Amino acid sequence: MTEKNETKNSSGVDKGLVAMFLKMSPEERLLANDNAARAILELRNAFKQQKDNSRGSKRNT
Amino acid sequence: MHSNSKKTTVADLSAILEGLIKADVKFILVGGLAAVVQGAPVTTLDVDIVHDRSSENIAKLFKFLKSIDTIFRRPDDKIITPKADDFSGLKHALFTTRLGPLDVLAVIEEGKAYEDLINHTIEIEFRGHRIHVLDLEMLIKLKRASNDPKHKQQLPVLEETLRQLEEK
C-alpha cells in the first residue's frame with residue numbers, strides 16, 4: 001500500500017502510468033485511446049443490454 | 001445510414017483524424033485527444049477540433065463530414081444533418097459520425113479561434129502526415145480557466161505529464 005502511494009504525486013496522479021504513456025509515440029497513444037474507447041463502449045453496451053434484459057424478464061414475471 | 005447501435009459502438013478516432021488530413025482540412029486538435037497525443041494517460045471518446053473558418057476550408061470540412069454520414073449529436077433520436085453555414089459562425093457543432101463522435105468548435109475557452117491558437121500548437125507525425133495539436137501548456141492554461149468540472153478533473157494528470165516532459 002505504502003509502495004503504491006509512493007508512485008503517486010501529491011494530487012494522486014499515477015506517475016508510473018504517465019511515464020509509461022510518455023514512452024509511446026503519438027500514433028501509439030492514439031491507437032491505445034481508440035482501443036480503450038472501444039472497450040468502454042462495448043462494456044457500456046453490455047451493461048445497457050443486461051439492464052434491458054432484466055427489465056424484460058421482470059415484465060414477463 | 002445511422003442506427004442507434006452504430007452510434008454507441010463505433011470509435012475509430014484515428015480514422016477521423018486521418019480523414020480530416022486526407023480531405024486537406026485545416027484544423028487544430030484540441031481537448032482530450034490533444035492531451036492523449038502528448039502523453040497524458042487519459043481516455044476520451046470523441047475528437048475535438050478547432051477549424052480554420054475560411055470559406056475554402058469550410059467547404060473541404062463539409063465535404064468530408066458528408067462522406068462520414070455526419071449528423072448532429074442530440075439527446076433525442078432526431079436526425080439532423082449539418083449545413084455548410086453551420087461552420088462559419090462562432091458556435092460549437094457536436095456530431096455523431098460513422099467513425100465516432102466529432103466536435104467541431106469555432107472557438108474554445110476565452111473565445112480563442114484557429115488563428116489565436118495556431119502559434120500554440122505542436123506538429124506531430126501521424127500516418128505520414130502532420131497534425132497541429134494544441135500544446136500541453138495552452139491546454140492546461142485553458143482548462144484552468146474553464147468552468148467545466150470535467151476539465152478541472154483532468155488537470156492534475158495533464159500537469160504531471162507536463163512536469164515529466166519538462167524533466168526530460
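This is a predicted model: local features need pLDDT of at least 70, side-chain atom pairs count only at pLDDT 80 or more; totals for chains, interfaces and linings use all residues.
Colleague: Fine. How many helices and strands are in chain B?

Modeller: Chain B has 7 helices and 9 strands. Its radius of gyration is 16 Å, close to the 15 Å from the globule rule for 168 residues, so chain B is as compact as a globular protein of that length. Along the principal axes, the C-alpha atoms of chain B fill a box of roughly 50 × 35 × 35 Å.

Colleague: And what share of the residues of chain B count as buried?

Modeller: Of the 168 residues, 35% do. For contacts, look at sequence separation: among those in chain B between residues at least 6 apart, 60% join residues at least 24 apart.

Colleague: Let's go to helix packing. How do I read a pair of helices?

Modeller: Two packed helices are described by the angle between their axes and the distance between the axes.

Colleague: Is the crossing of α6(B) and α7(B) left-handed or right-handed?

Modeller: Left-handed. On the α6(B) side, the residues that meet α7(B) are L136(B), E137(B), L139(B), I140(B), K143(B) and R144(B). Their partners in α7(B) include H151(B), L155(B), L158(B), L162(B) and L165(B). By type, the residues of this contact of α6(B) with α7(B) divide into 7 nonpolar, 3 polar and 5 charged.

Colleague: R144(B) is on that list. Is R144(B) buried or partly exposed?

Modeller: Count C-beta neighbours: 20 or more within 10 Å means buried, 12 or fewer means exposed, and anything in between is partly exposed. R144(B), in helix α6 (residues 136-145) of chain B, has 13 other C-beta atoms within 10 Å, so R144(B) is partly exposed.

Colleague: Which helix of chain A comes within 10 Å of α7 of chain B, axis to axis?

Modeller: That's α2 (residues 15-22) of chain A, whose axis crosses the axis of α7 (residues 149-167) of chain B at roughly 60 degrees. That angle makes α2(A) oblique to α7(B). The crossing of α2(A) with α7(B) is right-handed. From α2(A) come K15(A), V18(A), A19(A) and L22(A), and they meet E160(B), T161(B), Q164(B) and L165(B) in α7(B). The residues of this contact of α2(A) with α7(B) divide into 4 nonpolar, 2 polar and 2 charged.

Colleague: Stepping back to the whole interface, how many residues does each chain give?

Modeller: Chain B gives 24 residues and chain A gives 25. On the chain B side, the elements with two or more residues are α1 (4-9), α2 (13-22), α3 (31-37), β8 (121-126) and α7. The most comes from α7(B), with 6 residues. By type, the chain B side that touches chain A divides into 13 nonpolar, 8 polar and 3 charged.

Colleague: What about T70(B): buried or exposed?

Modeller: T70(B) is in the loop between α4 and β3 of chain B, and T70(B) has 22 C-beta neighbours inside 10 Å, so it counts as buried. Leaving aside neighbours within four places in sequence, T70(B) is in contact with L65(B), T81(B), P82(B), F95(B) and T97(B). By C-alpha atoms, T70(B) and T44(B) are separated by 19 Å, and they are 26 residues apart along the chain.

Definitions and conventions:
Residues are numbered from 1 along each chain as its sequence is written. Chains are lettered from A and ligands numbered from 1 in the order in which they are written. Helices (H or I, at least four residues) and strands (E, at least two) are DSSP runs, numbered from the N terminus. The radius of gyration is taken over C-alpha atoms; the globule rule is 2.2 Å times the number of residues to the power 0.38. Two residues are in contact if their C-beta atoms, placed from the backbone, lie within 7 Å. Axes are lines fitted to C-alpha atoms, for helices over the stretch in contact, and angles run from 0 to 180 degrees between N-to-C directions. Angles under 35 degrees count as roughly parallel, over 145 as roughly antiparallel, 65 to 115 as roughly perpendicular and the rest as oblique. A crossing is left-handed if the near helix is turned anticlockwise from the far one by less than a right angle, and right-handed if clockwise. Ala, Val, Leu, Ile, Met, Phe, Trp, Tyr, Cys and Pro count as nonpolar, Asp, Glu, Lys and Arg as charged, and the others, Gly among them, as polar.
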